Amino acid sequence: AVYVESALKFYKTRVVRLKSRGSEQFEVLPYGAGEVTCAVKGPTGDDLINRFAEGEETFTIDIDDLLLQIGTPVVCHGLEAKSKMQHLNGKIGVVISWESWVNPDKSSGISYEIRFEDKNMKQCLVDDKYVRVVFDLPDEGDNRRKKMTRL
């Protein structure tokens with residue numbers, strides 16, 4: 001039972017890197033869809049199952065500092081009505097890749113390629129400011145899941 005509990009905890013842990021901290025891994029703690037900051041704990045090291053949590057610190061960062069890892073479950077959020085991508089709001093998917101970009105005005109950002117839960121939807125690139133980590137996934141028939149699609 002200890003192994004199963006460890007494995008379950010491992011799969012429920014959302015691991016990120018911070019743009020401001022290089023290659024170190026951190027656990028991002030649950031936050032709401034409308035939040036602009038979140039708490040992270042770490043650095044975790046590479047072994048998430050046997051990690052030494054006593055040496056980790058918990059602190060608050062801007063969500064814009066998160067660099068999500070491939071395989072992170074996400075929900076699209078905040079795409080505006082004038083956007084061609086507004087229909088993605090509330091859609092659940094998983095990060096399959098990411099790319100950084102720089103505009104001519106020197107502004108930069110990251111876009112995530114997302115494969116959506118709905119197999120009828122094409123995977124696409126979404127700017128990081130419109131993507132939030134999913135921590136708990138309600139059952140398909142659950143009303144909470146239907147509410148997620150209306151965020």
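This is a short talk on a few local features of one structure, and the model is a predicted one.

I will start with the backbone. As background, most residues other than glycine have a negative phi, and most peptide bonds are trans. The peptide bond from G42 to P43 is cis, and its omega is near 5°. P43 sits in the loop between β3, residues 37-42, and β4, residues 57-62. The other place is K106, which is not a glycine and yet has a positive phi of about 75°. You will find K106 in the loop that runs between β7 and β8, the latter being residues 108-116. K106 has a relative accessible area of 69%, so this residue counts as exposed.

Next, W98. This residue belongs to strand β7, which covers residues 92-102. What does W98 touch, once neighbours within four places in sequence are set aside? Its contacts are L67, L68, I110, S111 and Y112. Take L67 from that list. L67 and W98 are 31 residues apart in sequence, and their C-alpha atoms are 9.0 Å apart in space.

Now the cysteines. A disulfide is a covalent bond between the sulfur atoms of two cysteines. C124 is partly exposed, with a relative accessible area of 22%. C38, on the other hand, has a relative accessibility of 3% and so counts as buried, the limit being under 20%.

Last, the empty space inside. Rolling a probe the size of a water molecule over the atoms shows where empty space is left. Searching the whole structure turns up one cavity of 30 Å³ or more. The largest cavity has a volume of about 80 Å³. Which residues line the largest cavity? They are Y31, I63, D64, L66, L68, Y112, D128, K129, V131 and R132. Two strands, β5 at 66-68 and β10 at 131-133, each give at least two residues to that lining. By type, the lining has six nonpolar residues, four charged ones and no polar ones. Two names in the lining, L68 and Y112, also came up as contacts of W98.

That is the end of the talk.

Technical notes. Residues are numbered from 1 along each chain as its sequence is written. This is a predicted model: local features need pLDDT of at least 70, side-chain atom pairs count only at pLDDT 80 or more; totals for chains, interfaces and linings use all residues. Side-chain values use heavy atoms; hydrogens and water are left out. Helices (H or I, at least four residues) and strands (E, at least two) are DSSP runs, numbered from the N terminus. Contact means heavy atoms within 4.5 Å. Buried means under 20% relative accessible area, exposed over 50%, partly exposed in between (1.4 Å probe, protein chains only). On a 1 Å grid over the protein atoms alone, a cavity is a set of points where a 1.4 Å probe fits but cannot get out, and a pocket is an open set with protein on both sides within 12 Å along at least five of seven lines; lining residues have an atom within 4 Å of a point. Grid points are joined across faces, edges and corners, and a volume is the space filled by probe spheres set on the points. Ala, Val, Leu, Ile, Met, Phe, Trp, Tyr, Cys and Pro count as nonpolar, Asp, Glu, Lys and Arg as charged, and the others, Gly among them, as polar.
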